[in-house]
Amino acid sequence: MAEEKKVAKAFNPDDLSPLRRKILLYTGIYVMVFSSGLAFGWLSFSIILTREGHFEDECTEKELDEDGQCDSQQEIFAQIYGLAHPLLWVGEFVGGLILDRYGQKQASAFGVVNIFIGLLLSALSPKSNFFFLLAAQFFTNLGASPVLMGTIPIAFTTRKPETFLSLFEGLLTFSLITVAMMEIIHRNSDLSLRTICLSYLVVLAISLVMIMFLY
């Protein structure tokens with residue numbers, strides 16, 4: 001009985017038309033590229049935070065360099081990264097539980113919702129609030145792995161499952177390019193971090209809608 005329940009939640013290639021398989025594949029690629037990378041782009045994100053003066057009050061005038069940053073400030077960013085990093089593993093575990101019990105749609109949706117919350121908190125974070133920014137990164141990291149775990153089954157609907165399995169796994173880290181693009185936009189425009197993050201929430205909302213209706 002339990003086995004039948006699991007099979008019912010998985011994509012069955014024999015039940016999918018060629019068009020449906022392509023839609024699933026392109027949806028999976030979109031979701032991976034534009035969702036999970038936010039957990040891996042902390043270096044670029046911390047550059048934006050530095051530019052906007054987050055934790056600048058930790059620096060003395062003597063410590064500030066030409067780029068407006070100091071060691072104390074960068075140490076705080078390193079602490080946030082180090083404390084939030086284990087949530088990537090927690091996300092793998094939680095994502096596996098959701099995948100087993102509810103299926104790939106729910107696993108991916110759980111991931112995107114957490115990333116959405118994390119980005120929203122980042123947008124609203126006060127400039128000197130360590131725990132607010134830490135919570136933002138907690139949610140972001142917690143969501144990354146479930147997005148991948150919910151997307152992996154799509155690879156097995158194709159004629160070359162190993163190839164597309166490798167593609168999805170590679171996109172998990174390749175997608176950090178999205179945060180690099182945020183940094184470039186921030187550097188070359190008058191847009192604030194808050195504006196960029198709130199705008200990107202639309203991209204994540206599209207991912208969530210695609211997951212709910214196309215997975």
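1. Buried here means under 20% relative accessible area, exposed means over 50%, and partly exposed lies in between, with a 1.4 Å probe and protein chains only. His-186 has 8% relative accessibility and therefore counts as buried. His-186 belongs to helix α9 (residues 177-187), helices being DSSP runs of H or I with at least four residues, numbered from the N terminus. Leaving aside residues up to four places away in sequence, His-186 touches Ile-48, Arg-51, Glu-52, Leu-191, Ser-192, Leu-193 and Ile-196, where contact means heavy atoms within 4.5 Å.

2. The model is predicted, so that local features need pLDDT of at least 70 and side-chain atom pairs count only at pLDDT 80 or more, while totals for chains, interfaces and linings use all residues. Residues are numbered from 1 along each chain as its sequence is written, and side-chain values use heavy atoms, without hydrogens or water.

3. On a 1 Å grid over the protein atoms alone, a cavity is a set of points where a 1.4 Å probe fits but cannot get out, a pocket is an open set with protein on both sides within 12 Å along at least five of seven lines, and lining residues have an atom within 4 Å of a point. The largest pocket has a volume of about 270 Å³, and helix α2 (residues 18-35) gives the largest share of its lining, five residues.

4. The structure holds one cavity of 30 Å³ or more, and the largest cavity has a volume of about 90 Å³. Among the residues that line the largest cavity are Trp-42, Phe-45 and Gln-137, and α6 supplies the largest share, three residues.

Conventions: Grid points are joined across faces, edges and corners, and a volume is the space filled by probe spheres set on the points. Helices (H or I, at least four residues) and strands (E, at least two) are DSSP runs, numbered from the N terminus.
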